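User: I'm new to this one and would like to learn how to read it. Could you show it to me and take me through a few features?

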Amino acid sequence: MPKALKKFGQHWLRSEKALSKVVAAAELTTGDRVLEIGPGTGILTRQLLPLAESVIAVEIDRDLCEILTKKLGKIENFLLLQGDFLTLDLNALLQPFPKFQNPNKVVANIPYNITGPILEKLLGTIARPNPRPFEAIVLLVQREVAHRLTAKPGSTQFGALSVRVQYLAECQFICEVPAKAFQPPPKVDSAVVRLHPRPIDVPAQDPCQMETLIKLGFSSKRKMLRNNLKSLIDSDQLSHLLEQLNVNPQSRAEDLSVENWVALSNEFDAFLLATGSRQN
Ligand code: SAH
């Protein structure tokens with residue numbers, strides 16, 4: 001087993017049980033083209049290869065890439081790309097490899113220190129959703145992050161991340177994975193989540209506006225929403241808008257559902273137009 005490097009967030013998965021949960025959650029069929037971020041020593045990759053049409057793995061660590069090439073390089077439906085997943089242009093790199101283009105699923109035990117940026121690259125943002133959404137994304141993440149991704153409005157775990165991600169994808173908590181399932185064990189427990197990107201039923205008219213409202217709305221968790229949004233809108237006026245949406249004006253940001261955020265953003269637009277603070 002190669003020595004795990006902290007700077008690349010390396011924790012090798014060693015539990016057969018956890019591995020099989022991840023693989024099962026991906027519900028692979030032989031037509032699936034899988035993207036794996038951070039294959040490491042290839043323990044998960046090996047399981048994915050016989051179940052999918054092809055597997056593209058992106059690994060940043062050159063030494064691991066050498067090991068992986070020795071181990072799996074001859075397998076026909078395997079393609080390894082060395083580089084930083086966050087900055088590489090996957091579509092451009094896959095141009096010469098028709099069999100591997102347009103992967104439809106992502107399955108990965110990712111480095112936890114870059115979970116946010118990875119999610120953003122996979123899903124896009126509220127203002128700029130990924131124009132080619134994946135069918136399913138199965139990830140091992142820090143357990144606390146898994147709870148935030150799948151939290152329901154009204155719970156303390158429902159934060160800005162929950163709204164941003166749930167706007168773009170349906171999120172399911174699959175199972176917990178204890179720290180001892182990894183070598184070396186991380187300081188935190190983990191969990192498997194599955195995301196199904198899908199267009200939201202009623203999208204925000206001005207998604208940039210919605211992003212601003214979410215950011216400010218959650219800026220101080222203990223405050224009521226109307227206090228957090230004071231710099232944008234007078235708190236009495238916001239209370240009035242919230243009442244129109246059937247939302248208690250004393251709500252905190254975490255009490256609003258994704259649909260409430262969209263409605264608030266749209267109402268806020270209408271309010272700006274009506275008060276002449278915004279020209280369209
Ligand atoms: N999937 C393996 C390894 C998980 S550890 C297993 O389950 O055992 C995370 C992996 O992501 C490591 O191999 C690490 O080198 C790789 N990695 C870290 N940052 C990366 C990045 N920016 N792009 C691609 N791979 C990265």
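Analyst: Let's start with burial: a residue is buried under 20% relative accessible area, exposed over 50%, and partly exposed in between, using a 1.4 Å probe and protein chains only. C65 has 7% relative accessibility, so C65 counts as buried. Keep in mind that this is a predicted model, where local features need pLDDT of at least 70, side-chain atom pairs count only at pLDDT 80 or more, and totals for chains, interfaces and linings use all residues. Residues are numbered from 1 along each chain as its sequence is written, and side-chain values use heavy atoms, leaving out hydrogens and water.

User: Is C208 buried, partly exposed or exposed?

Analyst: C208 counts as partly exposed because its relative accessibility is 48%.

User: How many disulfides are there?

Analyst: A disulfide is a pair of cysteine sulfur atoms within 2.5 Å. By that rule, the count here is zero.

User: Which residues come nearest to the ligand?

Analyst: A residue is near a molecule if one of its heavy atoms lies within 4 Å of it. There are 22 residues around the ligand, and Q10, G38, E59, D84 and N109 come nearest.
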